[in-house]
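Hello,

Here is the structure we spoke about. Please open it alongside this message; my notes follow below.

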Amino acid sequence: QKSRPPTLPRVVAFQRHSIAGADLERSWQPPQPALVGLLFLQSPVELGSWVLALVWEHGRTEVWHFVVAVGWQLLQTLELCQGARARVVSVCSQGASLVWCEERPPLGAHSDMSKCAFRFCVCARALEVGGQGVRLGAVRIVLHNSPEYQVVASPQHVFLVPAAADFATTSKFLLIWHPEKAEFTITAPSAGFIHNKVLRSSSESDFRKLLLGSVGLLSCFAPLDIHTSTVSNSGGLLVVSTKGSVSIVEPDGTQRHIFDLEGGPLAQGSPVQLKTFGSILACVLAGVLYVIDQNSGRLVVKEVLSMKEVHFLESQGEEDSIQLLSQTGIYSFSFSKPEDSSRPEPCLVEMVFEEACRYYQRRSLSSSKLTVEKLKKSGTFQAPVVLAAILQHSLHQKQKQAQSLQDTYAKLLSTMSLELQSYMSLELLKACVVCAPESEVESYCKELVEQEVSRILQSDMDKDNLAYLNSVFASFPKAAWKATRSCLQLQQNGDGLLVARATPEVWKKVLCQPQLEEVGQNGMAPLFELICASFLRFKPKWLPSFVELTQQYVSSSWSYSSKEGPEGRVPLYKRALGVLARKNKHGEADDEMELELLLCSKRPKAVLQALHLLIRLKQWQRVVEVAEKFSKLSPLLNKEIFITLLAEFAQHRELDPYLDRVWPLCPAELSASDILTTVLQHLPHSQEDPVPFSSEGNQLTVGLLKPLLQRVVQRPSVQDEMYSDALQSTTFPPPAPPREH
C-alpha cells in the first residue's frame, strides 16, 4: 500500500490457508526511503517455507521467512549497495541472486543533466538463504555508466527495459542479459534488429563500449512503445504498447504479436495487469478481463468485472481458472480451455471465406467491397460454404460426436481426401517443428519447405505466393534448393546431361514473369530467378543446362515471337545473366558461367557477345572453336562471325596459328574486294611513318592474306552457278524459240 494520507505506507504478508502464526506487517514514516521491491526468494528444502525480501531505496534489505505455527520472522538485515550515496531504482530476483539498478550521483553537481545521464549501474549479488541465516556474496558489476533501467527477471535471463524516454537513442532498444553466457543481446524488436555481444572482461561491461558499432544504426529506429511490461511463465517479456497491442519479446530478441486490446490508445496512468497461466494470457484493462490463447492469439473469454482495481494471484496446478485479489476479497474466475492446437478448424474455415472474398472480389465488376459476413449470409456463392462444411466434418472425425455431412458433399469429400490428408500431415509437421528439440529442427524444416514449395507450385502464382516463396528461399536456402530439385525432378542421365521430368503446369509456374510493378517495388524476385540463384549457390555447373532445358520447353509451348510466352519479354538467358550480375563477388568462374549462358541460348546476338568476351579474354583456341561450331547455324551468323575474326586478324597476329581453320569459314557471298575493304578498315593506326618492314614483326602482309584471296578467287562465283546449266549445254547458242504470228 503506497502513501495515501492519512494512513502510513505499509506491507502486510499473511498465509492464506493458515490461521495460526503471526502476520508480517511493516510500516514506515514518509521521511524514510521508499520501498523498491518485494521479492520471494528461493528457499532451501530444510526451511520449507516462504522467504520474502524487502528492498528499500537506500539499499537496506530485510529478509523474512515464514515458520509454521510461529509466523513471519526476520532472518537478517543486509546492505546491498557499497556506496552510501547509491540509490536503488529497481530490483529483481534471478535464480539465487539479486539484480538491481542503482543510481550513483556524481561527486560534483553538474548544471547540464545530459552529462549525468549515464550515472546508473546494474549490479548483481548472490544471496543464499540457509538454516544458519543469509549469506550475501560479492557485488558484481553487470553494466556501468548506463541510463536508468527497469530490471525484470525471467528464470534464465534478465530484461533491461528503459525507464525513461528522455534520451532519444537509449530508449530505442532493449537489453537482455544472459548470466550463464556472460552475454548481452541488444534488440530493437519492431525494427528486427538483434545483436549479441559476449563480455569477456569487466572492462567491456561499460555501456558505451557495449553499444560501440551499433549506435549509428540504432539512431535510425523509432523509440520503444512500452506502456506495461512483465515476464511470462515461458521466460519471455510481455509488452503492452500505448496503442493497446500485446506482444512477447523472447530471450533471443525476437518479437511475436499476440493480441490487440480494445479501447484505443492507453493513457499514461491507466494500469494494465498481465499474468500467464500455462498457455493462457490474462489481462485486465479498465475493469475488463481478457483471457487470450498465447499460441494462436485467439480471444477465449472477455468479461466485464465489477471492480476496477484487481491483482492476479498464483494458481498452483489450476490452468482453467484465474484467481484475482481485489479490495473486497479473493475471487476465482473459471473458463473452458481453448480447443487443442492440433485442431485448427475454426481458423481454417475462416481462412476459406477470406480467400473466397479475395477470389470473388477480383472477378467482380461491382465496386462494393465483399466481406465474410456478406458471403455467409448472401447464399450466392456455394463453393466456400460447401468447402467449410467438408473441412469441419473431416477435421472432427477424431472426436466422438462427428458432424453429419450431406450426401451431396460425399463425392466431393472423396475427391478431396488426398488433399485433406496432405493438409493434416502438413499441420502435424508444423507442430513437430514448434515442439522439436534444436537438433531435430533442421530435418523437420527441410521436409516442411519441400511440402510448401510443392504446394505453391500447384497453386496460382500470385503476388502473395511469390512473396512467400522469396521468404522461404531466403530463410531456408538449402532446403528450398532440394525441394526445387524434387519438384522439377532434375537429375543427370547416363550421358551426364541434365534432364527434368516436371509437368507442363509446373514449368509454366517456373517461367511466369510477373509485371514490373508487382516485383520492382518490394524487391521480390520471380521464381525463375530464385531457382537460378539456387543453382549458382549449390550446383553452378548445372545452370546453363537448366536454362537450355527451359528454352526447349518454351520453344515447344510458345511460338518464337509470342508476347504471351516468357521469351516475349526478356530472353531466359538474359534473366539468368541478371542473377549472375547480382552476385557480390565476381571472379574467373563467373566469366566462364557468363560464356556458357550466352552460348547455350544459341541466339545470334548472344553468340556474338560470347565471341567478343572470349576475344577480350584472349582465349584464341576457344574463339576458333566457337566460330566453327556456331557458323553452321545460319548464313547471316556465319558472315558476322567471319567479319569479326577478319577484323581481329587485321589488328594483331594472335590468330595466325589458326588461319587454316578460320579461312574455310569465309561465306560464299564475300568477294576479294569485300575482304580487302574489311581489312583496311580495321588496320591499327600507327603514330609513326609507315616503314616496309616492322621491327616488331606483327605487321600484316599480303602473304598472310594470300591463301584466303586465292580461295575466294578460285571459288566459282554465284553468277557462274546460276548459268552453269546453260553454259554446259551441247548446243551453243541455244536454238531460237518458234515464232508466233
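**A buried salt bridge**

Arg575 is buried, with a relative accessible area of 3%. Keep in mind that this is a predicted model. The side chain of Arg575 meets that of Glu529 in a salt bridge, at 3.0 Å from N to O. Arg575 belongs to helix α14 (residues 572–581) and Glu529 to helix α12, so the pair ties together parts that are 46 residues apart in sequence. Is Glu529 buried or exposed? Glu529 counts as buried, at 9% relative accessibility. Leaving aside residues up to four places away in sequence, Glu529 touches Arg575, Val579 and Arg582.

**Other salt bridges**

The whole structure holds 13 salt bridges.

- Arg358 and Glu355 meet at 2.5 Å, N to O. They are three residues apart in helix α3 (residues 345–362), which means a separation of about one helical turn. Arg358 is partly exposed at 43% relative accessibility. Glu355 is partly exposed too, at 38%.
- Arg135 bridges to Glu128, and their closest N and O atoms are 3.1 Å apart. Arg135 is partly exposed at 48% relative accessibility. Glu128 is also partly exposed, at 39%.

**Helix α12 and its partner α10**

Helix α12 (residues 527–538) also packs against helix α10 (residues 504–511). The angle is about 90° and the axes lie 6 Å apart. Angles of 65 to 115 degrees count as roughly perpendicular, so α10 is roughly perpendicular to α12. Which residues make the contact? From α10 come Lys509, Val510 and Leu511. From α12 come Leu527, Phe528 and Ile531. By type, the contact has five nonpolar residues, no polar ones and one charged.

Strand β7 (residues 87–94) is mostly covered, with six of its eight residues buried. Seven bridges pair β7 with strand β8 (residues 97–103) in the antiparallel sense. Ser93 has Leu98 in β8 as its bridge partner. Two residues sit between the strands of this hairpin, and Gly95 takes a positive phi near 65°.

The four-stranded sheet has the order β20-β21-β22-β23. Its pairing is antiparallel. Which strands are at the edges? They are β20 (272–277) and β23 (299–304), and each pairs on one side only. The twist from one strand to the next averages 15°. Strand β22 (residues 288–293) runs antiparallel to β23, and five bridges join them. Leu289 has Glu303 in β23 as its bridge partner.

The three-stranded sheet has the order β24-β25-β26, again with antiparallel pairing. Here β24 (311–313) and β26 (329–334) are the edge strands, each pairing on one side only. Neighbouring strands are turned by 35° against each other on average, ignoring direction. Strand β25 (residues 321–326) is joined to β26 by six bridges. Gln323 stands opposite Ser332 in β26.

**Where to look**

Start at the contact of Arg575 with Glu529. Then follow helix α12 to its packing with α10. The hairpin of β7 and β8 can come next.

Best regards

Terms used: Residues numbered from 1 in each chain as written. Predicted model: local features only at pLDDT ≥ 70, side-chain atom pairs only at ≥ 80, totals over all residues. Heavy atoms only, no water. Pairing = 2+ DSSP bridges. Axes fitted to C-alpha atoms, helices over the stretch in contact; angles between N-to-C directions. Parallel < 35°, antiparallel > 145°, perpendicular 65-115°, else oblique. Contact = heavy atoms within 4.5 Å. Nonpolar A, V, L, I, M, F, W, Y, C, P; charged D, E, K, R; others polar. Buried < 20%, exposed > 50% of the residue type's maximum accessible area, 1.4 Å probe, protein only. Salt bridge = Lys/Arg side-chain N within 4 Å of Asp/Glu carboxyl O.
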